[in-house]
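This briefing walks through some features of a protein chain for a reader who is new to structures. Please keep the sequence and the 3D view open while you read, and look up each residue as it is named.

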Amino acid sequence: MRILGLQKLSLVDFPGKVAATVFTGGCDLRCPFCHNAPLVLPGRGTEELAAGAVLDFLASRRGLLDGVVLSGGEPLLQPDAADFLAEVKAMGFAVKLDTNGCHPDALADILDRRLADYVAMDIKNSLEKYPWTVGVPGFDTAPVERCARLLMEGPADYEFRTTLVRPFHEVGDMETIGRWLRGARRYYLQAFVDSGDLVGGGCAPFTPEEMEGFLQAARPFFQSAALRGL
């Protein structure tokens, strides 16, 4: 496991639980609006943490924390992500996985082994606009579509989430995404915040009123839809 960060206490990363968040390094996407550039871009000099030391810390927090979040970067790039989660589950923690949805085989293995209680999958945009939005020309959306199906048909609780960013998103994209993911359990529309250390540039947030318009367009397609981060 290439671990580049550990948040020892979080009240917001795992719905309804007090959690620690483990951040892995590396990502196969280059979304310009990503606020975790030190985790995504190579050669940024971020200090790596030993997986054993992280597991020792988590073991010391049994009875104090409810859960552990594995985030990134993209954690499913790590070949031993499932083994890491198995050790976390063996300690009695609930597990939340954050993923960009590009690795369906790894996700299927984790779901089959019941290693994640909750999965949050990023939906970057409508399928047609994915290559532009993720910064990868010619991007193949088939793995993303498969991961979405795995969650909607699988055993774990889940959410889909889209960070809304000018100029990448338009209200009409919500209807296109909604038709794709119709009936999904939860969909969150997240406000873009410029961390000052983005992967790219040229990004701007929408106003709260504009965000509400996006929500109204998305709401008919999902069991639950809400804004986050305003």
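In this predicted model, seven aromatic pairs are counted among the rings.

**Aromatic rings**

- Tyrosine 130 and phenylalanine 139 make a stacked pair, with 5.7 Å from centre to centre and an angle of 15° between the planes.
- Both partners of that pair can be checked for burial: tyrosine 130 has a relative accessibility of 0% and counts as buried, and phenylalanine 139 is buried as well, with a relative accessible area of 16%.
- Tyrosine 187 and phenylalanine 222 are also stacked, because their ring centres are 4.4 Å apart and their planes meet at 25°, while the cut-off for stacking is an angle under 30 degrees.
- This pair links distant parts of the chain, 35 residues apart, since tyrosine 187 belongs to strand E7 (residues 187-191), whereas phenylalanine 222 lies in the loop between helix H8 (208-218) and strand E8 (225-228).
- Tyrosine 187 is buried at a relative accessible area of 1%, and phenylalanine 222, at 7% relative accessibility, counts as buried too.
- Phe33, Trp132 and Phe168 are linked into a cluster by ring pairs.

**Charges over rings**

- The charged end of arginine 228 sits over the ring of tyrosine 188, at 3.7 Å from the ring's centre.
- Lysine 17 lies over the face of phenylalanine 14, and here the distance to the ring centre is 5.8 Å.

**Backbone features in loops**

- Glycine 72 and glycine 73 are joined by a cis peptide bond, with omega at about 15°, and glycine 73 is placed in the loop between strand E3 (67-71) and helix H3 (81-90).
- The peptide bond that runs from arginine 166 to proline 167 is cis, with an omega near 15°, and proline 167 is found in the loop between strand E6 (157-164) and helix H7 (171-180).
- Arginine 114, a residue other than glycine, has a positive phi, near 55°, and its place is in the loop between helix H4 (104-112) and strand E5 (118-122).
- Arginine 114 is exposed, because its relative accessible area is 53% and the cut-off for exposed is over 50%.

**One face of helix H7**

- Which residues of H7 are buried? They are Asp173, Met174, Ile177 and Gly178.
- Seen down the axis of H7, these buried residues fall within an arc of 140°, so they line one face of the helix.
- An α-helix has 3.6 residues a turn, so residues three or four places apart point the same way.
- The buried residues of H7 pack against E6, E7 and H8.

**Leucine 111 and its surroundings**

- Leucine 111 is part of helix H4, and it is buried, with a relative accessible area of 5%.
- If its neighbours within four places in sequence are left aside, leucine 111 is in contact with Val119, Leu150, Leu151, Pro155 and Ala156.
- How far apart are leucine 111 and methionine 211 in sequence and in space? They are separated by 100 residues in sequence, and by 32 Å in space from C-alpha to C-alpha.

Notes. Residues are numbered from 1 along each chain as its sequence is written. This is a predicted model: local features need pLDDT of at least 70, side-chain atom pairs count only at pLDDT 80 or more; totals for chains, interfaces and linings use all residues. Side-chain values use heavy atoms; hydrogens and water are left out. Rings of Phe, Tyr and Trp (its six-membered ring) pair if their centres lie within 6.5 Å; planes under 30 degrees apart count as stacked, over 60 as edge-to-face and the rest as tilted. Buried means under 20% relative accessible area, exposed over 50%, partly exposed in between (1.4 Å probe, protein chains only). Helices (H or I, at least four residues) and strands (E, at least two) are DSSP runs, numbered from the N terminus. A charge sits over a ring if NZ of Lys or CZ of Arg is within 6 Å of the ring centre and within 35 degrees of the ring normal. The arc is that of the directions from the helix axis to the C-beta atoms. Contact means heavy atoms within 4.5 Å.
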